[in-house]
Amino acid sequence: MSESPSGKVALVTGSTSGIGLGIAHCLASKGCSVILTGLIDETLVPKLLAEFKGNTAYKGKFQFIASDFLEVEKVEKFSQDVLALYPDGVDILVNNAGVPGRGLIENLTTKVWQDTLAVNLTAPFVLTRTFFPLMKKRGWGRIINMSSQMGQLGELGKLAYCSSKSALIGFSRVVALEGAQHGVTCNAVCPGFVDAPMCHSFITQVATQQGLSLEDIKNDFLKDGTPIGRLIPISEVAGLVTFLCSDVASSITGSPIAIDGGYAAR
């Protein structure tokens, strides 16, 4: 059994920044070829690819494919673009792209609700539906759905986000059952407060709403938001995802796996 997914082809959505970019680099460091996609100014794509192609420690191939996960038709078109590069599909699918979808229910617009579900839930469904049969055919595959600690808990003002992330956990369980006899695993990783752009944006928003300095609200946030008293490094989330993609994790499937600094243990 291999402890590394070396030689595999991975598709990581939302991989132009934050957690997704960290996962892409971690998989590349283990010998994977990686398809990158996400929201980025097209003029910055060469610089992004240079991070990977210019790293002599990385042995795989690296491509960027533009995507728009708000519309099913565009997700399907994106899937076909991936298949044009890799007709046999990908070995690893990391459904990481997500939007926060914040708002109390009485203020939550239908558009925010639908857009949140489109990116956080429907896009993973469309991509899994495309690549899962090809994984089954090969007898090997890894699907990682990036849920959240908010997929297991609730939080005021995060109805759309919590709903979508909770649904991803149920989604992962059923896909795991369908792939269990075919060497295909599917898990939901549930990060807590990660040292990434989405968390930084949330902390800044709270500071503005409460009229406090960013430093003050950050200290209170860390004290109350996580028992370990710090944000979770992207590298730790990426390391967990990469482990789940290895052969030694072949019996881990259908699980919501928390990496939340003890948040849910209280």
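Predicted model: local features only at pLDDT ≥ 70, side-chain atom pairs only at ≥ 80, totals over all residues.
**Salt bridges**

- A search of the whole structure turns up seven salt bridges, each being a side-chain nitrogen of Lys or Arg within 4 Å of a carboxyl oxygen of Asp or Glu.
- One of them joins Lys 74 to Asp 68, with the closest N and O atoms 3.4 Å apart.
- Lys 74 counts as partly exposed because its relative accessibility is 38%, and Asp 68 gets that label at 26%. (Buried means under 20% relative accessible area, exposed over 50%, and partly exposed in between, using a 1.4 Å probe and protein chains only.)
- Lys 77 and Asp 81 meet in another salt bridge, at 3.0 Å from N to O. They sit four residues apart in helix H3, so about one helical turn separates them. (Helices are DSSP runs of H or I with at least four residues, strands are runs of E with at least two, and both are numbered from the N terminus.)
- Arg 138 and Asp 91 also pair up, at 3.3 Å from N to O. Arg 138 is in helix H4 and Asp 91 in the loop between H3 and E4, so this bridge ties together parts that are 47 residues apart in sequence.
- Asp 91 is buried at 12% relative accessibility, while Arg 138 is partly exposed at 34%.

**Aromatic rings**

- There are five aromatic pairs, counted when ring centres of Phe, Tyr or Trp (its six-membered ring) lie within 6.5 Å; planes under 30 degrees apart are stacked, over 60 edge-to-face, and the rest tilted.
- Tyr 58 and Phe 62 make a tilted pair, 6.0 Å centre to centre with 50° between the planes. Both residues are buried, and together with Phe 52 they form one aromatic cluster.
- Phe 193 and Tyr 263 have ring centres 5.6 Å apart and planes at 80°, so they count as edge-to-face. This pair links distant parts of the chain: Phe 193 is in the loop between strand E6 and helix H6, and Tyr 263 is in the segment after strand E7, 70 residues apart.
- Both Phe 193 and Tyr 263 are buried.

**Charges over rings**

- Arg 266 lies over the face of Tyr 263, at 4.6 Å from the ring centre. (The rule is NZ of Lys or CZ of Arg within 6 Å of the ring centre and within 35 degrees of the ring normal.)
- Lys 8 does likewise over the face of Trp 140, at 4.1 Å from the ring centre.

**Helix packing and contacts**

- Helix H8 covers residues 234-244, and its buried residues include Ile 234, Val 237, Leu 240 and Leu 244.
- The buried residues of H8 pack against helix H1, E4, strand E5, E6 and E7, with contact meaning heavy atoms within 4.5 Å.
- Glu 76 lies in helix H3 and is partly exposed, with a relative accessible area of 34%.
- Leaving aside residues up to four places away in sequence, Glu 76 touches Val 126 and Arg 129.

Technical notes
Residues numbered from 1 in each chain as written. Heavy atoms only, no water.
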